[in-house]
Amino acid sequence: MFTAFIKHLFPRVVLARNLKITYTFCLGGMAFTVFLLLIVTGCLLLFYYTPSPDNAYKSILFIEENVFGGKLIRNIHRMGSHFLLILIFLHTLRVLLTGSFKFRKYNWVVGMFLLLLALFEGYTGYLLPMDQLAYWATQTGMELFKIFPLGKFIVEKILIPDGVGGSLTLSRFYAFHVFVVPLIIMILCVIHFYRIRKDKGALPYL
């Protein structure tokens, strides 16, 4: 599977007509590139960020005001998350409108999971600065999530056991944001690219 993933990124033979930007608009590839950029900038932010209710916001201010290039790195990370969601939505729309999902139904399901995980990844990262906007946006989102089946149980027992702004809640959002969700996204990306090569269909040169 890993070999297929590498071969998908660097195919040996490509049909000339498939090199046109209008073939796929390279939306999936651009989304994956932004995801890698988010990993790099996120790792740099980890050197200074403190995941505690009392020091989280202070560490963000320290990054922006005292760390060389800190404000730039944080802004790239923040804007990158927006671009990632936009590119994934456009990629999903392109696959839907062109009917490509008909040839790769299994991969369509994997892609939907990637879309949901990208949304959840952005949501967990929203709380980490621990400012007023982050607090109330997370609080609103959690209240909305409770209307879903098992939503109240998931919110109160898993996501925010000690309330929005609590130390345990922040630790869990931090763990989800920097490790759990990115790891699952990376695994699903490998499966996603592997299935594209395995299913072929719209990519006859593979």
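The accessible surface of the chain comes to about 12500 Å², of which 71% belongs to carbon and sulfur atoms; such areas come from the Shrake-Rupley method with a 1.4 Å probe, and for residues only the protein chains shown count as cover. This is a predicted model, in which local features need pLDDT of at least 70 and side-chain atom pairs count only at pLDDT 80 or more, while totals for chains, interfaces and linings use all residues. Residues are numbered from 1 along each chain as its sequence is written, and side-chain values use heavy atoms, with hydrogens and water left out.

**Overall architecture**

- The chain holds eight helices and zero strands, where helices (H or I, at least four residues) and strands (E, at least two) are DSSP runs numbered from the N terminus.
- Read along the sequence, the pattern is therefore α-α-α-α-α-α-α-α.
- Of the 206 residues in the chain, 36% are buried, a word that stands for under 20% relative accessible area, with exposed meaning over 50% and partly exposed in between (1.4 Å probe, protein chains only).
- Among contacts (heavy atoms within 4.5 Å) between residues at least 6 apart in sequence, 69% join residues at least 24 apart.

**Nonpolar cores**

- A nonpolar core is a set of buried Ala, Val, Leu, Ile, Met, Phe, Trp, Tyr and Cys residues joined through side-chain atoms within 4.5 Å, and the largest one here has 21 residues, of which L84, I88, L114, I185 and L188 touch the most other members.
- Leaving aside neighbours within four places in sequence, L114 is in contact with I185, L188, C189 and H192.
- As general background, nonpolar side chains tend to be buried together in soluble globular proteins.

- In helix α7, which spans residues 151–159, the residues G151, V155 and L159 are buried.
- These three cover an arc of only 45 degrees around the axis, and so they lie on the same side of α7; the arc is that of the directions from the helix axis to the C-beta atoms.
- An α-helix has 3.6 residues a turn, so residues three or four places apart point the same way.
- The buried residues of α7 pack against α5 (105–127), α6 (132–145) and α8, whereas the face turned away from the buried side carries the exposed residues F153 and K157.

**Salt bridges**

- The count comes to three salt bridges, each being a side-chain nitrogen of Lys or Arg within 4 Å of a carboxyl oxygen of Asp or Glu.
- E64 forms a salt bridge with R74, and their closest N and O atoms are 2.6 Å apart; because E64 lies in helix α3 (residues 56–66) and R74 in helix α4 (residues 70–98), the pair ties together parts that are 10 residues apart in sequence.
- E64 itself counts as partly exposed, at 24% relative accessibility.
- K146 forms a salt bridge with E143, the closest N and O atoms being 3.4 Å apart, and the side chains of K146 and E156 also meet in a salt bridge (3.9 Å, N to O).
- The pair of K146, in the loop between α6 and α7, and E156, in helix α7, links distant parts of the chain, 10 residues apart.
- E143, K146 and E156 are thus linked in a network of salt bridges, and they are partly exposed, with relative accessible areas of 42% for E143, 27% for K146 and 34% for E156.

**Surface patch and the end of helix α8**

- L46, V178, F179, V180, L183, I184 and I187 form a nonpolar patch on the surface, with about 560 Å² of accessible area together; patches are made of residues with over 30% relative accessible area and no salt bridge, like charges being joined within 9 Å and nonpolar side chains (Val, Leu, Ile, Met, Phe, Trp, Tyr) within 5 Å.
- The largest share of the patch, six residues, comes from α8, the helix in which I187 is found, and I187 is partly exposed, with a relative accessible area of 46%.
- D199 is found in helix α8 (residues 167–199) and counts as partly exposed at 22% relative accessibility.
- Not counting residues up to four places away in sequence, D199 touches F103, R104 and N107, and the C-alpha atoms of D199 and F103, which are 96 residues apart along the chain, are separated by 7.5 Å.
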